[in-house]
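I open a new page for this structure.

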Amino acid sequence: MRPAVVLFSGGLDSSTCLAIARADGFAPHALAVRYGQRHEHELRAAAQVAAALGAPLKIVSLDLRAIGGSALTGDLEVPKDAAIGTGIPVTYVPARNTILLGLALGYAETIDAQDLYIGVNAIDYSGYPDCRPAFIEAFEKLANVATAAAVEGRARYRVHAPLLQLTKAQIIQLGTRLGVPYGLTHSCYDPDAEGRACGRCDSCRLRAKGFRDAGVSDPTVYSPR
């Protein structure tokens, strides 16, 4: 099978994306990034999910706390119970998906993969600008002018965003059919010390609503706080 690189966080969306890449006939290689996120528990979830789905996992470290500008990498509070989709929230990490997809592209070039998967969604999401179709299209064009493999005619890169136009409920229904172990996944932006979800941040609320709307039992472990 041809290799593909899946940008992977161990969350609901990226885990579904990993399963889709496998169902599409690729041999997926999961790439997770330790970028200084406060919700680093997601990396432990990433290791568990990747193992369950039989995908090799590479973890790359860089420190986006040096840039700051986000509640996920700085001292800003993670909003709780706030309106969703009414602007770009403080949990937006400046240029995160551009940086992380750049790492995925570099990894793909080294393993002779021409396909990148990213689990962005533009329907049930918090309003991040780097989760929109225009961003995916632009990055794919960039990939094909910025790499030796593409310039030399050895590769034609494609960026797959199979969840882009799906609701969270549709994503969960699809992942359930593909055997995604959602009980191992982690989505919370502000978990407690034991990794339990807060239940009140944007990510938790979108996830919980998705399970309700999908008619699937929510396996998330919530903090009692």
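**Two residues**

I looked up alanine 47 and got 35% relative accessibility, so alanine 47 counts as partly exposed. My cut-offs are relative accessible area under 20% for buried, over 50% for exposed and in between for partly exposed, with a 1.4 Å probe and protein chains only. This is a predicted model, so I ask for pLDDT of at least 70 for local features and 80 or more for side-chain atom pairs, while totals for chains, interfaces and linings use all residues. I number residues from 1 along each chain as its sequence is written, and side-chain values use heavy atoms, with hydrogens and water left out.

Alanine 47 sits in helix α2, residues 41-52. I take helices (H or I, at least four residues) and strands (E, at least two) as DSSP runs, numbered from the N terminus. I also checked proline 129, which is 82 residues from alanine 47 along the chain. Their C-alpha atoms are 28 Å apart.

Next I went to threonine 16, in helix α1 (residues 12-23). Is threonine 16 buried or exposed? It is buried, because its relative accessible area is 0%. I then listed its contacts (heavy atoms within 4.5 Å). Beyond neighbours within four places in sequence, threonine 16 touches Leu163, Ile171, Gly175, Val180 and Tyr182.

**Helix α3**

Which residues of α3 are buried? I noted Arg96, Asn97, Leu100, Leu101, Ala104, Leu105, Tyr107 and Ala108. They lie on the same side of α3, because they cover an arc of only 165° around the axis. That arc is taken from the directions from the helix axis to the C-beta atoms. An α-helix has 3.6 residues a turn, so residues three or four places apart point the same way.

The buried residues of α3 pack against β1 (3-7), β2 (27-34), β3 (57-61), β4 (115-117) and α4 (133-143). After α3 comes aspartate 112, with a positive phi near 60°.

I used a 1 Å grid over the protein atoms alone: in a cavity a 1.4 Å probe fits but cannot get out, a pocket is an open set with protein on both sides within 12 Å along at least five of seven lines, and lining residues have an atom within 4 Å of a point. Grid points are joined across faces, edges and corners, and a volume is the space filled by probe spheres set on the points.

The largest pocket holds about 240 Å³. Of its 20 lining residues, His41, Gly183, Thr185, His186 and Gly195 are closest to the centre. Helix α2 gives the largest share of this lining, four residues.

How many cavities of 30 Å³ or more are there? I found two. The largest cavity has a volume of about 700 Å³. It has 34 lining residues, with Ser9, Asp13, Arg96, Gly119 and Tyr189 nearest its centre. Elements giving two or more residues to this lining are α1, β2, α2, α3 and α7.

The second largest cavity is about 30 Å³. Asp124, Lys168, Ala169, Leu206, Lys209, Gly210 and Asp213 line it. Its largest share, four residues, comes from α7.
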